Each structure stands twice: as C-alpha cells, then as structure tokens.
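We will go from stop to stop, with something to select at each one.

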Amino acid sequence: MTATESPSTAPVSPLLALKPRRVETGLLMMVGVAVAVAYGLASFGTTEAIPANLGPFLLWMFGLGAVAHVANRRFASAADPVFLPVALLLNGLGYVVITRLDGSLAALQSTWTAIGIGGYVATLLLVPRARIIEQYRYLLGIGGLLLLMVPLVPGLGTEINGARIWATIGPVNFQPGEFAKLTLAAFFAGYLVDSRELLRNRLELRDLAPIGIAWAGSLGVMVFQRDLGSSLLFFTLFVVVLWVASERWVVLAVGAVLFFGGAFAAWTMFDHVQKRVDIWLDPFADPKGDGFQIVEGSFALADGGLTGTGLGQGEPGRIPFAETDFIFAAIGEELGLAGSSAVLMAFLLLIGSGLRVALRADRVFEKLFALGLTTLLAVQAFVIVGGVLRVVPLTGITLPFVSYGGSSLVANYVLLALLIRMSHEQRVAIRPVKASL
Amino acid sequence: MNLRIRRLGAVLGVLYLVLFLQLNRVQFFGAERLQDDVNNTRGLIREFGRERGPIVTADGVLVAQSVEYDGSVDVRRRYPEGELYAHITGYQSLNVEAVGLERSYNDELAGDPIDQRFASLGDLFVDRNSTATLVLSIRDDVQRAAAAALGDRKGSVVALDPRSGEIIALWTFPSFDPNPLADPDGTVANAAFDALLADPDTPLLAKSYREIYFPGSTFKLVTAAAGVETGLISATTPIFPVVTVYEPIPSGAPIRNFAGSDCGGDLVELLRVSCNTAFSEIGAEWVGPEQMVDTAEAFGFNADLGLDLPGAAESRFPTDYGERLADVDRFRAPDQQPANGAETVLPNGAVPIHENSARLAQTAIGQNDVAATPLQMALVAAAIANEGVVMVPHVVTELLAFDGSLLNRIEPEPLRVAMSASTAAILRNAMRVVAEDGTARGLLTEGVVVGGKTGTAQLGTDPPNSHAWIVGYAGVPDEEPSLAFAVIVEAQEGASEQTGGRVAAPIAQAVIETVFR
C-alpha cells in the first residue's frame with residue numbers, strides 16, 4: 001500500500017464526525033415511525049381497518065431495532081451509523097409489502113427477521129476483530145464450497161422452481177448459497193492478501209490456480225443448480241476483488257472475455273438460459289406465458305406512476321413471485337416512482353457506506369473483505385432490480401433485506417454486521433487522532 | 001487499491017443510474033404506453049370493480065346499480081329489469097368494451113369528473129362517494145307497454161317528447177339480459193356472449209337507433225315537407241291529377257300505385273291515401289334533388305343525431321342524381337317546355353331535371369337507397385309536431401349526486417330546423433286527417449288528438465313480406481303535441497298499404513293510451 005492510501009485521506013462525512021450512536025438512535029426513530037405508518041396504511045388500504053396487531057407489531061419491531069442498536073452501542077460503538085437504520089428501513093418496508101401480499105408469510109418473515117437480528121448480534125459478538133476471519137480463510141473457502149454443494153446431496157437438497165439451491169434439514173428449508181457467498185468473499189480477500197504482491201508484478205496462471213479453482217467450482221455448482229443469478233454474483237465478486245487486489249486492468253479484460261464466453265456457452269447449452277434471454281429481449285412476444293411475470297411487473301410499475309396507488313390499494317398480487325423476486329415491482333406499484341427510487345437510494349447509501357469502509361481500511365484484508373461484501377450487496381440488488389426493469393435478463397435472486405426469504409435475510413444481516421465490525425475498528429483507530437487535533 | 005475502489009464506486013454509480021433512468025421510463029415517461037397495452041387488464045379490472053352510480057327511470061324504477069360481489073372484485077353491475085332496458089343501459093363487461101349509457105356516461109357513473117369529485121373545498125380532504133345517478137326520460141310504464149304491445153314480433157318502438165327530444169320509450173325486440181355479460185367471472189360472460197352473438201336475430205343490436213330500414217311511405221312526410229317549402233304546394237293546391245302511373249323525366253322505371261290503383265288530389269288527400277305517383281312527381285319535378293337532399297338532411301338524415309347513446313346509426317338519403325339537364329317550368333304546358341339540354345333560366349317555379357331524376361322519383365317515396373332508423377322516423381314526426389324544429393334526442397335528463405342533489409340537468413337543445421312552422425302546421429293537420437280518415441285510423445284514442453302516417457316497406461320477397469311502419473304524434477286537445485313516435489314491425493306478411501296500419505298502429509296506440517292515461 002502506498003502512502004497516499006493512508007486512512008486519513010478517506011472522506012469523512014459530517015454525520016460520522018458526530019457521535020455515531022446518537023445519530024443512529026435518531027435515524028432509527030425515523031425509520032421506526034416510517035415503517036409503523038406504512039404498516040398501518042397498508043393494512044388500512046387492504047382491509048379498511050387499523051390492524052388489530054399494530055401494538056404487538058410495533059413492540060416487536062422496535063424491540064428488534066433496539067436489540068441491534070444496543071449491540072452496536074456495546075460492541076461496535078464507533079461504527080458508521082448509516083448501515084443499521086437503512087437496512088432496517090429496507091427490511092421493514094419489505095415486511096410491510098410481504099404482509100400486505102400474503103398475510104401467512106408475515107409470521108415467518110418476522111421470525112426470520114428476529115433470527116437475522118440474532119445473527120447480526122452473534123456476528124458482532126463472535127467476530128470482535130475482522131482479522132480473526134482472515135485466520136480462517138482456507139477453512140472458510142472450503143466451507144463455502146461445501147455449503148454450495150449441500151443442495152446436490154441426495155436427501156438434503158431440494159429443487160424448488162427449477163433451481164436446486166435448497167437444503168432441507170427437518171422442517172427448515174434454507175439456501176446454503178446465501179451463506180457461501182459470505183465465506184467465499186472472506187476466502188477471496190484472505191487469499192489475495194497473501195498473493196497480491198506476486199499478482200501485482202506478474203500475473204501467472206500458477207498464482208491464480210487456487211482462486212481459479214474456487215471460482216470454477218462455484219460456477220460449476222451454480223450451473224448444475226441452475227441458479228444463474230448467484231452464478232453471476234460469484235463471478236463478479238471474484239473479478240472485482242481480484243482486480244482491486246492486483247491493480248491490473250488485464251483482470252477486467254480477462255473477466256469480460258470469460259463472462260461473455262461463459263454466457264455464450266450457457267446460452268447455447270441450456271434451454272432455460274435461452275428462454276431467459278428471449279424473454280429479456282421481448283417479453284411481449286408471449287405476454288400470457290413466458291413473458292407474463294416481466295410484463296405484469298412492468299404493468300404494476302406503470303400503474304404506480306409517480307406517487308403510487310397507495311399501500312394496500314394496488315394489485316401487486318397479480319405478479320408471480322411478487323413477495324420475492326418481484327418485490328421491487330410491488331413497491332413501485334404501491335409507493336410509485338418516489339418509493340422505488342427511495343429503495344434504490346437506500347441501496348446506494350449502503351453501497352457508499354460499504355465502499356467507505358473499504359477505502360478507510362488500513363489493512364489489505366479488511367479492504368478486500370469490505371469491498372467483496374459491498375460488491376455482493378450492490379451486484380445482487382442491481383441484478384434483481386435490473387431484471388425486473390428489463391435492464392438485464394431476469395435471474396431469480398432476492399432483493400437484499402427486502403424480499404421474503406429467511407436465508408437471504410439472515411445472511412445479509414451477517415454481512416451487515418461484518419461491515420459494521422470493520423467500520424468500528426477503523427473509527428476506533430482514528431478517534432484518538434481526531435481528539436488530539 | 002483505493003483508486004480502484006473509487007473507480008468501482010463510479011461504475012456502480014453508473015449502473016444504478018441506468019436503473020434509475022429505466023425506472024423513470026417504466027414508471028413515468030413510458031407508463032401510459034404500458035397502461036394502454038392490449039395485454040394490460042389492470043385498468044379494465046380496476047374500472048370494472050369500481051362502485052358506479054345507479055340508473056333510474058323518470059318514474060323511479062332502478063334499471064342499473066352496483067352491488068357487492070364476493071370474489072375477484074368488490075362490486076359488480078346488476079340490471080334489475082333484465083332485457084327491458086338492455087339497449088339503453090348497455091352493460092359494463094370485463095370481456096368487451098362497454099355499450100349503452102354504461103359507456104357514454106362512464107366517467108360520470110364512475111365519479112371521475114372533477115366537478116363531481118370536488119363539489120366543495122372540503123372534498124379535498126375526504127373520500128366522498130362522487131358517483132352520479134343517471135335519471136332517464138324513459139317512463140317505465142310506457143317502456144313496459146311498448147314491449148308488451150310489440151310482444152315477440154321483431155321490431156322497435158320509439159316514443160319521445162317532440163318539444164324537448166326526451167325519449168319516453170325505446171324498445172327493440174329481441175333484446176337480451178345484460179346481467180350475465182356483466183359477470184366478473186370471465187367464463188360466464190364469455191359463454192353468454194357467444195350465445196348472443198350466435199343468435200341470427202342479433203339481440204345485442206339496439207335496432208331502434210343502431211339499425212336502418214327502408215322507411216316506405218312514412219318518408220312521404222319528408223317529401224311533403226319539401227314540397228310545401230318550395231312555396232308551390234299548399235294543403236289545397238294544386239290538385240294533382242288522378243293517375244295510375246308516373247313516368248319519370250328524362251327516363252326510367254315508371255312508378256305505380258299499389259295494385260294498379262289510381263290516386264290524385266290535394267296534398268292532404270295524397271297523404272291520406274299515400275299516393276305513390278303524386279309524391280314521385282313532387283320529388284322529381286317540383287322539389288328537385290338539391291331541395292330534397294336539403295330537407296331530408298334538415299330532418300337528420302345523413303348526419304349524427306346527437307343521441308346520448310353510443311353507436312347510433314346514421315339514416316341515409318341518397319345525394320347523387322347525376323348531371324343537371326334542364327329546368328322544368330311548373331306553369332307552362334308540356335309542349336312549351338324547353339328541350340332537354342336547353343339552358344333556359346326560368347322564374348319562380350323552375351325545377352331542375354337531372355340525369356337520374358328517376359332515382360329521385362323512387363327516393364321521394366322512401367324506396368331505392370333510402371334507409372332510416374326508427375329513431376329518425378320518430379324525429380320526422382316530432383319535427384312536424386314541434387313547429388318544424390328537430391330537438392336533440394336523449395335518454396338522460398338529470399345527473400344526481402350521491403346525496404340526491406342535482407349535479408346537472410340536460411337542457412333541451414334544437415338539432416336542426418326541418419321546415420317552417422307554417423309547413424309543419426299544414427303537415428300536422430294532414431296527419432290528423434290520415435289518422436281520422438286514412439290508413440292510420442288504428443291510432444285513434446279518446447280524448448287525445450293524434451296524427452300519423454303508415455308505411456309498408458316491401459322487401460321484394462316471395463311470398464311478399466314488408467316492414468310495417470307507423471309514425472305520428474299525439475297530444476291533449478288545444479295544446480302542443482307532447483308525444484311523437486315511430487313503430488316498426490319487421491318482415492310482416494303482406495305488402496298492401498294497409499299492412500302498416502293494421503300491424504303497427506295498435507302498438508303505437510297502446511303507447512299513446514299509456515302516456516295519456
């Protein structure tokens with residue numbers, strides 16, 4: 001690392017200069033009010049009654065927020081105060097829309113939220129320093145690959161909606177891939193700490209072998225599991241982290257060639273990939289069949305217009321998978337361009353804060369790890385929102401924090417906790433310096 | 001590395017900018033195109049599932065209302081009177097475009113117009129029921145009497161107030177039950193539609209204002225009006241010679257009276273016996289093409305009548321009679337007439353003869369290509385009853401707010417002036433003679449002044465079939481007539497001039513009795 005990349009050159013926003021936890025308290029209050037009002041309105045819009053369980057809901061929600069906030073105060077007191085409120089806002093908004101779409105999912109989603117917050121607190125507890133993760137990088141890498149393969153194991157794996165990405169243990173279905181992406185991000189970062197000096201000077205196949213294996217393995221598993229979205233996510237994670245670590249453009253060039261080569265190969269080899277591309281190019285060719293979901297999603301967004309139909313007043317239930325893949329369209333319909341833009345802004349806030357952690361990190365591992373986690377979040381949100389908006393071919397993945405889905409929610413809270421952990425570490429390191437000025 | 005991270009940030013920023021731009025395209029700039037897409041049923045279903053105002057007759061009978069529905073939508077339309085008002089209310093269906101008042105007053109029924117939504121400043125803050133109630137000019141008792149009198153014969157009955165254009169009865173048999181068509185269950189509605197569309201009698205078509213028929217002799221009223229308007233013909237002069245055949249100038253198929261009979265006399269007599277030969281001559285040689293077309297169009301032919309129901313048909317009077325050949329002087333003997341092709345401009349009384357004046361001889365008695373809706377023929381009678389003024393026909397008189405207060409009153413409005421008041425008075429008297437001592441005797445009703453004109457439009461079939469027509473007016477003695485009507489019974493056996501009077505007059509008489517009871 002060069003001298004110009006010392007932490008002090010990273011931008012410090014005015015918010016961060018204040019006492020971060022006090023700022024977080026204020027932001028959480030606003031989020032709480034916004035979500036509570038949205039919940040009441042959604043219920044009023046669908047049933048024309050104030051929900052009977054408004055009180056318990058508020059207690060539950062404020063309780064979970066308070067738990068996470070207290071955990072921050074105790075275990076990550078100096079961390080950036082933007083992460084948690086923005087994540088809770090997305091989570092709360094998603095919960096409101098899920099409840100409004102299908103009341104039977106609400107209880108499950110609130111349980112998963114609680115587990116997610118539990119995972120968040122546990123991560124803060126178990127990972128007092130990010131470098132602990134660095135020590136276990138190979139273990140995590142192997143663990144990630146194993147996690148990815150779990151759904152392929154007979155008896156454990158379950159195929160749902162054409163993708164074999166589910167594992168069933170007892171009554172619980174979960175997607176191990178959601179957690180694998182975290183461990184693989186840790187592995188990529190840790191491995192590149194070791195080899196980046198080599199890579200910067202000469203890029204040889206030999207040095208890339210382990211990481212290449214990890215990449216090819218994860219891609220292979222993904223292809224077998226027919227999960228295109230995750231496949232794309234892992235690939236982007238790999239290329240981005242390698243590019244930043246090696247500081248070589250050739251990585252991007254090779255990545256692009258690999259991407260388009262792989263995409264073309266997948267297109268020629270797999271019918272379902274061809275179908276996805278065809279739908280992307282012209283969903284109106286078969287508006288009642290293959291293109292139905294995209295077409296209905298577009299109609300929902302168009303109905304939303306600038307200000308939306310109002311919560312509970314639209315017809316988002318017409319879109320297949322409105323509570324998971326297409327929740328962005330459901331939000332756009334009922335909250336309009338204003339609401340859907342707000343969701344995009346929320347992700348931009350998270351991404352900006354995540355990149356700031358990467359920028360300000362003084363150790364290579366933290367830099368690459370924060371970068372990897374942020375990339376995961378950014379690309380996942382882009383791929384699914386872009387799919388809904390027909391910017392890219394649709395691949396069925398969740399919108400982080402917003403979509404219904406336990407694994408995704410828990411994994412993303414863990415991801416958030418890891419970013420918060422690193423943010424806290426660097427701000428603790430800076431604080432005495434600032435105090436002396 | 002930080003440089004790369006910043007660049008990554010920039011790339012992500014651009015990617016999200018693309019998302020944001022596309023989001024604007026889908027939700028704002030391109031939203032209308034998406035909402036209008038043929039595959040987009042959202043608007044349809046939303047529109048369909050909305051509460052709409054009721055429709056009631058002048059005497060308070062509910063003929064359309066929104067009722068609660070347990071299913072895909074909250075409310076659906078019900079038409080309590082079934083087929084009796086189907087051609088007026090129309091229906092609101094998920095499967096096809098709405099028809100009838102459901103279509104023409106869609107916005108008002110749904111409560112969309114700004115003045116309905118925000119009657120006062122306070123309405124900005126409350127979600128008030130802004131749907132409008134439509135009050136019809138239709139009288140349920142008259143509508144019912146018309147339907148009962150026509151029975152299961154194919155035909156139409158139109159009754160209206162000649163002074164205002166307000167329609168009192170508008171009935172066509174066969175009709176249909178609009179309720180299944182408005183079913184929110186698409187398969188129920190589709191099955192009902194398919195059955196109705198397969199029916200050769202086309203019950204979905206509101207023939208009273210959407211189908212055109214040969215008007216037969218009832219059209220002679222228009223020709224008579226045009227003749228009087230020339231100033232050459234009055235109720236008593238000239239006396240047309242009694243003939244059995246009229247030979248058109250310059251040439252063409254001769255016009256004969258029914259069954260080779262002969263007729264002639266003054267205008268009243270011509271109308272009383274419905275004299276073909278004389279009216280052909282009046283049209284072709286006294287009035288001429290320009291004036292005939294003008295008068296027919298002044299009655300409403302070849303134009304939209306401004307009816308407040310959608311899909312109304314235009315009645316048709318041919319306008320092409322070829323090149324102008326010569327002028328005929330009414331006041332010179334035939335041997336003094338100029339030869340064909342001579343350009344002699346004559347004073348008062350000159351009638352231009354055209355290449356195809358023979359066609360005019362036919363159209364003047366409602367044959368050839370003349371075709372009229374029953375509504376149009378009722379308006380012919382109405383104009384005569386209303387001092388020559390045709391009023392815009394309509395079925396809706398008032399729009400009421402949810403609380404019963406008046407939102408809007410549809411004021412009577414003149415459409416055209418068909419003739420002068422004096423011409424109208426001459427024809428009104430002539431029609432009264434026809435009713436008292438001619439083919440329209442079936443109209444006579446105690447205590448009511450009536451006038452009429454029958455028609456028998458031969459269809460050229462074997463055995464002979466005809467549309468039986470009657471048009472006319474009725475009123476309290478010494479007052480302006482308050483009722484004008486037209487009745488057509490389709491494809492009746494027989495072709496005599498008596499057919500119209502025999503078949504159609506009793507139906508009109510039942511309407512008159514009900515109105516003036």
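**Stop 1: colour by confidence**

The average for chain A is 86, and 92% of its residues score at least 70. Select residues 14-17 of chain A, helix α1, where confidence is lowest at a mean of 54. Then jump to residues 327-360, helix α14 of chain A, where confidence is highest at 96.

Where pLDDT is low, the predicted coordinates should not be read in detail.

**Stop 2: a helix pair in chain A**

Select residues 20-47 and 83-101 of chain A, which are helices α2 and α4. At what angle do α2(A) and α4(A) pack? The angle is about 10°, and the axes are 9 Å apart. The two helices are therefore roughly parallel, since an angle under 35 degrees counts as such.

Now show side chains at the contact. From α2(A), the residues include A:L27, A:L28, A:V31 and A:Y39; from α4(A), they include A:L88, A:L89, A:L93 and A:V96. In total the contact residues divide into 14 nonpolar, three polar and two charged.

**Stop 3: helix α5 of chain A**

Move on to residues 103-126 of chain A. This helix, α5(A), has 24 residues and reaches 35 Å from its first C-alpha to its last, close to the 34 Å expected at 1.5 Å a residue. Among its buried residues are A:W112, A:I117, A:Y120 and A:L124.

**Stop 4: where the chains meet**

Colour the two chains separately and look at the contact. It takes 37 residues from chain A and 24 residues from chain B. On the side of chain A, the elements giving two or more residues are α10, α13, α14 and α15. Which of them gives the largest share of that side? That is α14(A), with 11 residues. The chain A side divides into 24 nonpolar, eight polar and five charged residues.

Next, select residues 2-29 of chain B, helix α1. Its 28 residues should span 40 Å at 1.5 Å a residue, and the end C-alpha atoms are 38 Å apart, so the two agree. Buried residues of α1(B) include B:I5, B:L8, B:L12, B:Y16 and B:L19. The buried residues of this helix pack against α10, α13, α14 and α15 of chain A, together with α2 of chain B.

Finish this stop at B:R42, found in helix α3 of chain B (residues 42-48). Is B:R42 buried or exposed? With 21 C-beta neighbours inside 10 Å, B:R42 counts as buried, because the cut-off is 20 or more. Leaving aside neighbours within four places in sequence, B:R42 is in contact with A:F299, A:D303 and A:E315.

**Stop 5: inside chain B**

Zoom out to see chain B as a whole, with its 17 helices and 19 strands. Of its 517 residues, 52% count as buried. Select residues 374-385 of chain B, helix α15, which is mostly covered: 12 of its 12 residues are buried. The end C-alpha atoms of α15(B) are 17 Å apart, which agrees with the 16 Å that 12 residues should span.

**Stop 6**

Most residues other than glycine have a negative phi, and most peptide bonds are trans. Just after α15(B), B:E387 takes a positive phi of about 55°. B:E387 sits in the loop between α15 and β13 of chain B and is partly exposed, with 19 other C-beta atoms within 10 Å. In chain A, select A:E247, which has a positive phi of about 55° although it is not a glycine. A:E247 is in the loop between α10 and α11 of chain A.

For cis peptide bonds, return to chain B. One joins B:F173 and B:P174, with omega about 0°; B:P174 is in the loop between β6 and α9. Another runs from B:T237 to B:P238, with omega near -10°, and B:P238 is in the loop between α11 and β7.

Conventions. Residues are numbered from 1 along each chain as its sequence is written. Chains are lettered from A and ligands numbered from 1 in the order in which they are written. This is a predicted model: local features need pLDDT of at least 70, side-chain atom pairs count only at pLDDT 80 or more; totals for chains, interfaces and linings use all residues. Axes are lines fitted to C-alpha atoms, for helices over the stretch in contact, and angles run from 0 to 180 degrees between N-to-C directions. Helices (H or I, at least four residues) and strands (E, at least two) are DSSP runs, numbered from the N terminus. Angles under 35 degrees count as roughly parallel, over 145 as roughly antiparallel, 65 to 115 as roughly perpendicular and the rest as oblique. Two residues are in contact if their C-beta atoms, placed from the backbone, lie within 7 Å. Ala, Val, Leu, Ile, Met, Phe, Trp, Tyr, Cys and Pro count as nonpolar, Asp, Glu, Lys and Arg as charged, and the others, Gly among them, as polar. pLDDT is the predictor's confidence in each residue, from 0 to 100. The expected span of a helix is 1.5 Å times one less than its number of residues.
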